[in-house]
Protein chains: 2
Amino acid sequence: MTPEQAGAFLTIDLNKIADNWREIQVRIGDKRQAAAVLKTDAYGLGAEKVGQALYEAGCRVFFTAYVFEAAALREVAPEADIYVLHGLLPHTELDFLRCNLIPVLSTPRQVADWNHLGHKEDIVLPAALHVDTGMTRLGLTARHIEALAKNPEQCKYLDIKLVVSHLACADNPENEKNEDQLKRFEDACAKLRRILPKDFKESLSATDGCRLEDERFYRDIVRPGIALYDNAVSLEAKILQIQEAEAGQTAGYGATHVFSGKSRVATLAIGYGDGFPRSLSNKGYVLIAGHKAPIVGRISMDLTTVDVTDIDVEALRQSPTAEIFGSSLPLKDVASLAGTIDYEVLTNLSGRFYRIYLD
Amino acid sequence: MTPEQAGAFLTIDLNKIADNWREIQVRIGDKRQAAAVLKTDAYGLGAEKVGQALYEAGCRVFFTAYVFEAAALREVAPEADIYVLHGLLPHTELDFLRCNLIPVLSTPRQVADWNHLGHKEDIVLPAALHVDTGMTRLGLTARHIEALAKNPEQCKYLDIKLVVSHLACADNPENEKNEDQLKRFEDACAKLRRILPKDFKESLSATDGCRLEDERFYRDIVRPGIALYDNAVSLEAKILQIQEAEAGQTAGYGATHVFSGKSRVATLAIGYGDGFPRSLSNKGYVLIAGHKAPIVGRISMDLTTVDVTDIDVEALRQSPTAEIFGSSLPLKDVASLAGTIDYEVLTNLSGRFYRIYLD
């Protein structure tokens, strides 16, 4: 795809991403490590490009969801610890070995499988343990840890480097669940320290957790995800056509917008098939030449119509594109208008954009 | 990605897609042609695979949104007419020529640019004209057509093979806008017939239009899109972990689900980062061993938790995956629960699934 052929441009500022990471590293201090969570193709932004930029900035700990994501990342992060949060899916042991990847083991079965491989090969294998402290999602429960304590042989061939958990309500510092999860995490770590032969690092906080002021939540390693992309991403779509509409004329599927008077409409080369949320129909807006242009009618799969009646014709003529989100129109605000969160909008962005990486 | 490494499986039945296409072709009759709309990577299902299956089934007219989509399709559809609905974006003329693709011209500027190339090269270039009959989206307006009629030289180097428009309300046969658009379309075609040297075909209806009983809407070519995928797609996600929850325990971000009693929770390897709509949080359900398992808590980026308390433990043990949508849980119903339409869910599905093509 060439820029001429494309409908929209996604600009990803790798320097800003590296700066965001450095800022977090500085904030948490030298004794701790800022990792980078690059699952879901680095939240849709390209894990290899983002991974390489962060590796060059000094990041040496990465997290992905799947082993295939981790294997791709290994190409650009040769010396880093790469953890796989979904753990050891059945029959993927050799994929981990091949690229020196670390499973975040979250069930007794995963612990047994990984330990079994170590036993069979007579090697000690690196691993992390996931403990569930209140998400009820992934991780060993308090009961699983009790069972492990009774039979520490289950970890004989494992080098547990890290114990991981995840906060449910860290976006709200006042939520008492934070303190409750911290306590459960400390209890689990204390129990594990008594049974494991070597010490391990601890990681409890992702983006929201490392924004908490209370340093107890930082532990040894923080795992920022979306925090890496603050002010680093923008999206523009081409204006394909500008047409006049008469009073009474309607826009889009279902004729949900009726023009109340003579109007001017711009059609943009972006739609919900590109990940621009359909829930913004008749609700969201874009910026053209710095002016708000409200979305009129339903967003189509490949097209969006916006009202540009109030925008100066000359300004319009000089604007080949509209800003979908970016420095003047924060992604967070767009996502909120769409009834969702920036994470969902980012990760649903299409592969159909022309991508511009600034470095 | 191997099946073992993957979190979820998207199964695409190419035979069923070909059958769906054949059924439409039979329904509209021999004198008309059923095309296939394969924009947005064939609604997220893989345009090259789907295109090849339809080409082998006999389809010889395709529509895409962008020229790069059309160029990729040309590889598997060597003898077909491939139309590009977004028309002639500036400086893409040679991309059209190179792969013998046909722009659906929607503005006077596009008509002029394509005609100019014909003039310069002294060849007659194939084209379609898009006329706007009520979407206020893309296409020549009645006024543009008047202007063209006054100066037909503007099309001198164009072989207009097809005139295209698009219905706004064809999902409702009773909506009077259908009849209004039909009339405007017939008027536009009549005007164009008077000025163009050769006759052309007409296309007004996409999926909803070709489901109308009134044959006048079929014209010469119908353009089914989502109709091709009826009962042809299913999605399953792996169960990563099953855990017990106590009364009072909460699930997921924001602790939005509180378990009222001792419960069993399955964690699925799918999340909104895969295109599983976050709006299904605490609202949607999946099927495990044929039983409904309601989504509890917010859907995460890579994970979804479902309540499986009421599902027999043995049945659970024998079910490595959950049905997200498919034969027993129609995509349309899932989309409707999520507050959107099947088109949006399909086109937002992730590239992270392991894809199984049945042929």
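This is a predicted model: local features need pLDDT of at least 70, side-chain atom pairs count only at pLDDT 80 or more; totals for chains, interfaces and linings use all residues.
Student: How many bridges join strand 6 to strand 7 in chain B?
Tutor: Two bridges. Strand 6 (residues 102-105) and strand 7 (residues 125-130) of chain B run parallel.

Student: Let's go to strand 5 of chain B. Which residues point which way?
Tutor: Strand 5 of chain B covers residues 81-84. B:Asp81 and B:Tyr83 point one way, B:Ile82 and B:Val84 the other.

Student: Are those four buried or exposed?
Tutor: All are buried, B:Asp81 included.

Student: How many bridges join strand 4 to strand 5 in chain B?
Tutor: Four bridges join strand 4 (residues 61-64) of chain B to strand 5 of chain B, and the two run parallel. One pair to check is B:Phe63, whose bridge partner in strand 5 of chain B is B:Tyr83.

Student: Through which helix does the chain cross from strand 4 to strand 5 of chain B?
Tutor: Through helix 4 (residues 67-74) of chain B. That β-α-β crossover is right-handed.

Student: What about strand 5 with strand 6 of chain B, parallel or antiparallel?
Tutor: Strand 5 and strand 6 of chain B pair in the parallel sense, over two bridges. B:Val84 stands opposite B:Pro103 in strand 6 of chain B. With helix 5 (residues 93-99) of chain B, strand 5 and strand 6 of chain B make a right-handed β-α-β unit.

Student: New topic: strand 1 of chain B. Which face is covered and which uncovered?
Tutor: In strand 1 (residues 8-13) of chain B, B:Ala8, B:Leu10 and B:Ile12 make up the covered face. B:Phe9, B:Thr11 and B:Asp13 make up the uncovered one.

Student: Which way do strand 1 and strand 11 of chain B run, parallel or antiparallel?
Tutor: Antiparallel, with five bridges joining strand 1 of chain B to strand 11 (residues 233-245) of chain B. B:Ile12 is opposite B:Val233 in strand 11 of chain B.

Student: And strand 1 with strand 19 of chain B?
Tutor: Strand 1 and strand 19 (residues 354-358) of chain B run parallel, joined by five bridges. There, B:Asp13 has B:Leu358 of strand 19 of chain B as its bridge partner.

Student: Switching to chain A. How many helices and strands?
Tutor: Chain A has twelve helices and 19 strands. Of its 359 residues, 55% are buried. Its C-alpha atoms fill a box of roughly 80 × 45 × 40 Å along the principal axes.

Student: What does helix 4 of chain A touch?
Tutor: Start with the sheet: chain A has an open sheet of seven strands, order 3-4-5-6-7-8-9, with parallel pairing. In it, two bridges join strand 5 (residues 81-84) to strand 6 (residues 102-105) of chain A. Helix 4 of chain A packs on the sheet, touching strand 4 (61-64) and strand 5 of chain A. Its direction makes about 165 degrees with that of strand 5 of chain A.

Student: Now the interface. How many residues of chain A are in contact with chain B?
Tutor: 56 residues of chain A are in contact with 56 residues of chain B. Strand 11 of chain A gives the most to that side of chain A, with four residues. By class, the side of chain A that touches chain B has 22 nonpolar, 26 polar and eight charged residues.

Student: Why do the copies meet through the same surface?
Tutor: Because 100% of the interface residues of chain A are also interface residues in chain B.

Note on methods:
Residues are numbered from 1 along each chain as its sequence is written. Chains are lettered from A and ligands numbered from 1 in the order in which they are written. Two residues are in contact if their C-beta atoms, placed from the backbone, lie within 7 Å. Ala, Val, Leu, Ile, Met, Phe, Trp, Tyr, Cys and Pro count as nonpolar, Asp, Glu, Lys and Arg as charged, and the others, Gly among them, as polar. Two strands pair if DSSP finds at least two bridges between them. A residue is buried if 20 or more other C-beta atoms lie within 10 Å of its own, exposed if 12 or fewer, and partly exposed in between; C-beta atoms are placed from the backbone. A crossover is right-handed if, with the strands pointing away from the viewer, the path from the first strand over the helix to the second runs clockwise. Axes are lines fitted to C-alpha atoms, for helices over the stretch in contact, and angles run from 0 to 180 degrees between N-to-C directions.
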